[in-house]
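Please look at the sequence and structure first.

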Amino acid sequence: MKDFITGNLEEIEFLDRDVFVKRLSGELSLGAGVLSYFSVKYKEGIKLFVFLLKKSGEIEFFSCKADSKMPSLTPFYPQLHLFEREISEKTGIIFEGHPLPNPVRYENGLTASSGSYFKVQGNEIHEVAVGPVHAGVIEPGHFRFQCLGENVFHLQIELGYQHRGIENAVISVDKKRMLPMIETAAGDTSIGHAWTYAKITEALCEVQISKRASFLRGAALELERLANHIGDLGALSGDVAYLPTANFCGRIRGEILNITALLCGNRFGRNFIIPGGVEYDVDDKLIKEIMSRLDSAYEDAVSAISLLWERKTVLDRFEKTGIVSLEKALKLRLVGPAGRASGIDCDLRKIFKSEPYEDFESEPLTLNGDVFSRAYIRWMEIKKSYKLIKNWLSRLPQGEITLEIGPFKKNSFALALTEGWRGEICHVCFTDDKGEISFYKIKDPSFHNWQGLAMALRNAQISDFPLCNKSFNLSYCGHDL
Amino acid sequence: MHIISQFLILAVIFCDFFLLSSYSTFELVKFAALQGVLTALLPLMAAEHFAAEGIAFALSVILLKGFFFPFVLRKLIVKNNAYEEKKREYSGALSIAVYLFVFFVSVWLSIKLDLEVKSLSWIIPASFMTIFSGLFLIILRTQTVSQIVGYMVLENGIYCFGSAVFVQQPLMVEAAILLDIFVAVFVMGMAVFHIGKEFNNSDSENLNELREETGQEADI
Amino acid sequence: MENIKIFFQILVIFSLAPILPGIINRVKAKFAGRQGRSIFQLYFDLYKLINRGMVYPKVSGIIFKMAAPSVLAFTAASAVIMPFGGQSGLLSFSGDFLLIAYFLAFSRFLLILSAMDTSSAFEGMGASREAQFAVFAEPVFFMSMLTLSRITGETSVYGIFSKLSPDLWIQNAPVLSLITGSLFILLLCESSRVPFDDPDTHLELTMIHEVMILDNSGTDLAFMLYASYLKFWIYASFVSAIILPRHSDFFFSDSFIYMSGLFFTSVAAGVTESIMARVRLLRVPQFLLAAFSISVMAFVFQAVKG
């Protein structure tokens with residue numbers, strides 16, 4: 001199946017407000033997941049669009065005209081939580097019944113102190129506020145804990161400090177600057193976002209890229225997955241002060257990034273995937289070099305990471321910490337490794353099996369959503385990515401690496417999905433009657449998963465927070481755009 | 001020799017600690033096996049001279065308790081999916097308290113008993129401790145595999161006691177104990193294997209419930 | 001001559017204290033495959049800190065200002081009671097290990113007060129964890145000292161250290177090895193090493209000791225850090241005296257043996273830190289209780305033997 005859809009804007013069903021709400025809640029109650037739910041401002045008013053992924057793998061979409069007050073579906077379907085808040089922030093629509101109607105990105109001059117914070121009442125309850133200025137080198141975010149001693153009752157996460165206004169900037173600048181900007185939506189997922197953008201442009205021009213280019217794109221995405229997962233496992237062991245794995249994984253991640261640099265000159269894979277294919281080709285000599293470096297890095301990673309699963313003190317920290325149950329994960333619609341660790345089958349590579357993942361298979365695992373599961377899933381994916389890259393590079397078919405991109409279809413829409421290393425990346429694009437892009441919506445997988453982190457800390461120990469945070473490793477700037 | 005045997009006894013006592021406080025059945029098997037090997041080495045260390053049959057016997061005990069039994073038990077654990085105790089009624093602190101209590105009782109008992117022991121004065125309390133730890137394992141644990149391990153630990157303690165006290169024909173006594181434990185593990189292992197096959201797990205709490213259910217059906 | 005020896009040993013203690021954590025850092029680095037910081041790096045850090053100005057939080061009061069020098073004063077007072085090599089410390093009297101324990105406890109009390117005076121959530125949490133672990137750590141020290149004094153028949157630290165000898169080891173090997181184990185665990189706990197606390201972490205929510213000195217700066221911070229190095233020296237001396245107890249009645253060879261004991265203890269602490277992960281905060285009391293039960297067992301071993 002194809003992991004993108006495109007068509008004329010007229011094909012999107014335009015429903016009445018109440019019919020829209022009923023249909024949306026009907027689909028969600030049958031187990032659909034929301035891919036994107038956003039608002040577009042027209043001269044006539046505000047239209048809401050929703051794209052859903054049904055259990056069968058089909059993508060369904062419809063829209064409606066929004067009133068200034070809409071009923072909120074979040075109390076029944078928590079996966080809509082941030083989407084409704086985002087629409088509210090951008091358009092001023094009030095979703096009645098929304099449990100926490102805070103701004104998402106604090107645009108328009110608002111700050112995090114203007115949001116409301118859920119407080120637990122009690123004599124011995126104390127509040128601990130962490131960030132946005134904090135002692136690590138990770139991005140700024142505000143975490144407010146309601147604690148009794150060491151036990152956390154509630155964690156509220158307020159982000160927005162990295163808001164750069166990418167969605168607006170992307171449509172107002174020169175076409176040549178679109179790709180570099182989208183690549184920086186979340187810097188460590190550059191390849192994922194770039195590929196999604198490329199899928200959208202190829203859908204809008206109805207261009208089919210060559211097999212060679214799609215194999216190379218796959219290799220780049222899997223290299224990105226390898227580097228980040230190895231780095232994450234190193235960071236997790238650093239947090240429990242298990243030094244051997246922490247030190248070795250840091251170095252090995254650097255080696256994988258260097259392999260990506262061999263492909264395209266940039267360690268994070270920028271400017272490799274372009275609309276129409278890839279920018280740089282590989283010859284046999286380069287393939288041999290990449291394979292040998294990959295082999296040695298993978299061997300080192302195996303020996304460093306296997307230590308983790310054998311050390312009882314490490315497992316004692318990882319197991320039963322920060323549990324997100326399958327029920328909660330399904331309600332919140334967690335994606336990516338965090339979702340799979342709680343038991344949800346949400347790998348887009350498996351669901352769609354689009355090029356070049358036609359033979360993608362993965363073994364089902366019984367995991368219970370704790371830090372150990374999220375770490376072990378990463379380990380499984382590291383092994384899988386290694387096999388995939390070796391497979392593609394060893395049987396690279398001949399072909400053109402770049403094809404010409406023609407003009408976009410007029411008055412059309414396109415949606416593309418990619419399984420980035422954090423999970424489901426979704427971009428939606430509308431074109432106007434001149435064939436220019438009039439609207440672009442980026443959704444990073446972190447948009448779904450931040451609530452997962454808040455759930456993981458319920459009734460957990462506050463000293464386990466850094467470990468849980470690292471086990472999710474979500475993107476602050478991917479959320480803030 | 002004397003110092004080595006003192007350290008061996010210390011190690012046996014430490015094994016009891018890990019046996020009482022561990023929740024993972026794999027760990028229980030590991031420490032019971034370790035304890036078995038240590039108790040097999042004790043008579044060797046304490047003997048004035050090395051007899052050939054003593055060494056041969058110790059080697060066979062090590063093979064049996066250190067490799068064969070753990071192998072069988074590990075297979076059982078994987079088969080019955082019995083990796084850990086489901087109910088944890090006692091915390092780590094409580095298990096330390098139980099351990100200290102067992103220690104004091106063993107020391108008091110051995111003072112009261114006042115046996116004439118050759119050179120290793122601490123072997124009697126250690127064997128009492130091991131016997132009590134085995135008993136506690138059988139009583140407090142719900143996983144049937146843990147209970148088998150408890151029986152093995154009990155036999156370890158008796159073996160230890162035997163090698164300390166019986167000066168005449170020590171090998172005969174020890175061989176008898178070994179036969180006892182071999183048959184027991186064999187029979188219990190078979191039973192647990194079949195229970196596991198039938199009911200898909202071997203948690204004795206579940207088996208208790210089953211008994212009550214069938215009782216009700218019989219009434220109807 | 002005696003006075004010169006005492007003056008010399010006090011000088012050695014105070015000047016060599018920062019080397020021991022430096023050795024630990026070096027061992028950790030080598031385990032990680034890195035070259036690592038120099039052993040003398042902590043001296044440079046202390047020098048840098050002393051030359052900086054101090055900043056006090058606006059919401060703190062007199063307690064915060066006087067805490068750092070007082071902590072150093074009490075820890076230093078404990079350090080001078082410790083014997084060195086085969087020599088007695090500045091003071092030596094019956095029951096002086098109680099004085100050492102209570103000086104250290106008082107300096108911990110001042111540290112907790114100063115952490116709470118900053119009215120920061122992090123430091124408050126660190127203070128509560130520190131107070132809780134102190135409750136479990138004190139009995140370990142007292143039980144071990146009780147057992148040691150029963151074995152050696154002496155009641156002052158100098159007396160205990162001088163009576164420890166290889167012959168005593170041969171007679172009481174199990175008891176002394178148990179005591180070494182429990183004192184080593186105590187050393188790791190009191191100097192906030194893995195598995196109790198991660199000294200290299202930057203995550204305030206997980207810290208126990210370092211979070212209490214987050215708001216100290218400049219000379220105050222240098223005092224606090226130096227006091228923690230002296231504390232490591234004190235606890236490491238106990239371990240060193242037990243594991244390398246030879247006495248030749250010759251001052252310099254005794255001192256050399258004593259210092260190599262300290263060196264081995266630091267290396268052992270570094271190795272433990274490199275191969276173990278840090279335990280959950282909930283498990284730390286259990287760990288300390290385990291150390292306590294080890295020392296109780298040693299005591300009972302010793303008591304019944306006689």
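In which sense do strand β3 and strand β4 of chain A pair, and over how many bridges? Strand β3 (residues 33-42) and strand β4 (residues 45-53) of chain A are antiparallel, joined over nine bridges. The model is predicted, with local features requiring pLDDT of at least 70 and side-chain atom pairs counted only at pLDDT 80 or more, while totals for chains, interfaces and linings use all residues. Residues are numbered from 1 along each chain as its sequence is written, and chains are lettered from A and ligands numbered from 1 in the order in which they are written.

**Strand pairing in chain A**
- Strands pair here if DSSP finds at least two bridges between them.
- β3(A) and β4(A) make a hairpin, with two residues between the strands.

**Which chains touch**
- A contact is a pair of residues whose C-beta atoms, placed from the backbone, lie within 7 Å.
- Two pairs of chains touch, and the pair with the most contacts is A and C.
- Chain A and chain B share no contact, and their closest C-alpha atoms are 10 Å apart.

**Chain A against chain C**
- The contact involves 22 residues of chain A and 23 residues of chain C.
- On the chain A side, β8 (126-130), α7 (243-264), α9 (312-318) and α15 (465-472) each give two or more residues.
- Among these, α9(A) contributes the most, four residues.
- By residue class, this side of chain A has 11 nonpolar, six polar and five charged residues.
- Nonpolar means Ala, Val, Leu, Ile, Met, Phe, Trp, Tyr, Cys and Pro; charged means Asp, Glu, Lys and Arg; the others, Gly among them, are polar.

**Chain B against chain C**
- Here 12 residues from chain B meet 13 residues from chain C.
- α1 (2-21) and α4 (92-113) of chain B each supply at least two residues to the chain B side.
- The largest share, eight residues, comes from α4(B).
- The chain B side consists of 10 nonpolar and two polar residues, with no charged ones.

**Fold of chain B**
- Chain B has eight helices and zero strands, where helices (H or I, at least four residues) and strands (E, at least two) are DSSP runs numbered from the N terminus.
- Of the 220 residues in chain B, 40% are buried, meaning that 20 or more other C-beta atoms, placed from the backbone, lie within 10 Å of the residue's own.
- Of the contacts in chain B between residues at least 6 apart in sequence, 72% link residues at least 24 apart.

Notes
Buried ≥ 20, exposed ≤ 12 C-beta atoms within 10 Å, placed from the backbone.
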